[in-house]
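Here are my notes on this model. Please read them with the structure open.

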Amino acid sequence: MEREKKPRRPRKKPTEQGLFPETPKKVLVTGASGFVGTRIVAELLQRGFQVVALARRLSQSSSEPGVIRVAADVTLSGWERWVEGCSAVIHLVGIIREDPRQGITFHGAHVEATARVVEVCKKFGIFRLVHMSAVGADPQSPIPYHRTKGQAEELVRASGLAWTIFRPSVIFGPGDGFTTTLTGVIRRAPLVPVFGDGSYPLQPVAVEEVAEAFVASLENPQAVEQIVELGGPEVLSYRQVLQRIASSLGKKRLFVPIPLPLVRPAVKIAAWLLSNPPITPDELAMLLAGSTADIRVAQKLFDLPRKNFRGVSWSEAWQQPRQASG
Ligand SMILES: NC(=O)c1ccc[n+]([C@@H]2O[C@H](COP(=O)([O-])OP(=O)(O)OC[C@H]3O[C@@H](n4cnc5c(N)ncnc54)[C@H](OP(=O)(O)O)[C@@H]3O)[C@@H](O)[C@H]2O)c1
């Protein structure tokens, strides 16, 4: 049984003695096996950090120099001792879809998980916390994903730790959930349905730039107590995103607007009938709400963004399987 520890006094403010006074530079990453986590772990290793990579399911067989793998649910106990010797925690755990039958809820994955991470950081004297949120995070939002992301942000801001919060718009790159699905539809179907008129704005940001910003923030005292929104250099409508993907694939497609009064009930029924529907009512609400970022802080602190959405080779991206740090 783990010995009860007294909360340690946080170290001096990072601006006074540098963010990484110790060597080796070691960071615990929650959600390390996911789409974003895999890229952040790779970026950390490239920049000379050691990594403790945490997720619930990790393959025990694979090993990579500089990475310790910890298979644990961040909302439960049992993983805390792995933060010992770390200089920072990057907290990425989050879900886009609930699965209440499996006990997976937005509140658990966003609010409870973040409360636990903050508690563990304080208990072990880890003062630097870099937290993954999302554009639209707002504790008052009617959309549960945004509401619980907003509640998690409140916990981080009240933690007394040296925090940075990142709020990306939709993130693109090989293995992403959003464009991979759209690419699959556009490849197969000559007629592509569009929810409503498809005018809702998005600001897709490249996953490698998200990873770059997270890792750069660790050692940048100016990033402490900043909320950094991340988006690409251009705002595109959903329809333009579809058109870009189709033209990159060399496919001529007819985009067919489906009126929202038809889409909404159809999406509700699909969610009720199917265990894994193509889109849930919450995801539709988020899409229709749009997702654009105020990128001024990212430009100032990290000289980002640089990469346009059209820069992606979609055929290559679609064929490349998701890399798993686990
Ligand atoms: N992708 C985007 O466009 C986007 C945009 C804005 C913000 N975000 C945010 O970025 C974060 C990462 O997104 P992603 O696209 O990389 O998601 P992802 O591919 O689904 O990865 C989620 C990661 O979290 C782990 N995880 C989930 N629940 C956990 C738990 N209770 N304990 C420990 N690990 C857990 C998953 O592994 P296991 O399932 O094996 O535990 C996985 O490693 C999320 O917070 C998301 O809200 C993403």
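1. What is the order of the seven strands in the open sheet? The order is E3-E2-E1-E4-E5-E6-E11, with parallel pairing. Strands pair if DSSP finds at least two bridges between them. Strands (E, at least two residues) and helices (H or I, at least four) are DSSP runs, numbered from the N terminus. E3 (67-71) and E11 (226-230) are the edge strands, each pairing on one side only. From one strand to the next, the twist averages 15°.

2. A word on the source. This is a predicted model: local features need pLDDT of at least 70, side-chain atom pairs count only at pLDDT 80 or more, and totals for chains, interfaces and linings use all residues. Residue numbers start from 1 along each chain as its sequence is written.

3. Look at E4 (residues 88-91) and E5 (residues 128-132). They pair in the parallel sense over four bridges. Ile 90 stands opposite Val 130 in E5. H3 packs on the sheet and touches E1 (26-30), E4 and E5. Contact here means C-beta atoms, placed from the backbone, within 7 Å. The direction of H3 makes about 175° with that of E4. Axes are lines fitted to C-alpha atoms, for helices over the stretch in contact, and angles run from 0 to 180 degrees between N-to-C directions.

4. H4 (residues 144-157) lies across E5 and E6 (162-168). H4 runs at about 160° to E6.

5. Next, the helix pair H2 and H6 (residues 207-218). Their axes come within 9 Å and cross at roughly 55°. That angle is why H2 counts as oblique to H6 (under 35 degrees is roughly parallel, over 145 roughly antiparallel, 65 to 115 roughly perpendicular, the rest oblique). The crossing is right-handed (the near helix is turned clockwise from the far one by less than a right angle). Residues of H2 in the contact include Phe 35, Val 36 and Ile 40, while H6 brings Val 207, Val 210 and Phe 214, among others. By class, this contact has nine nonpolar, no polar and four charged residues.

6. Finally, the ligand. The shell around it holds 27 residues, and the closest are Gly 31, Gly 34, Ala 55, Arg 56 and Gly 94. A residue is near if its C-beta atom, placed from the backbone, lies within 6 Å. H2 (35-46) and H3 (106-123) are the elements that give two or more residues to this shell. H2 supplies the largest share, three residues. The shell has 15 nonpolar, eight polar and four charged residues. Ala, Val, Leu, Ile, Met, Phe, Trp, Tyr, Cys and Pro count as nonpolar, Asp, Glu, Lys and Arg as charged, and the others, Gly among them, as polar.

Definitions and conventions:
Two residues are in contact if their C-beta atoms, placed from the backbone, lie within 7 Å.
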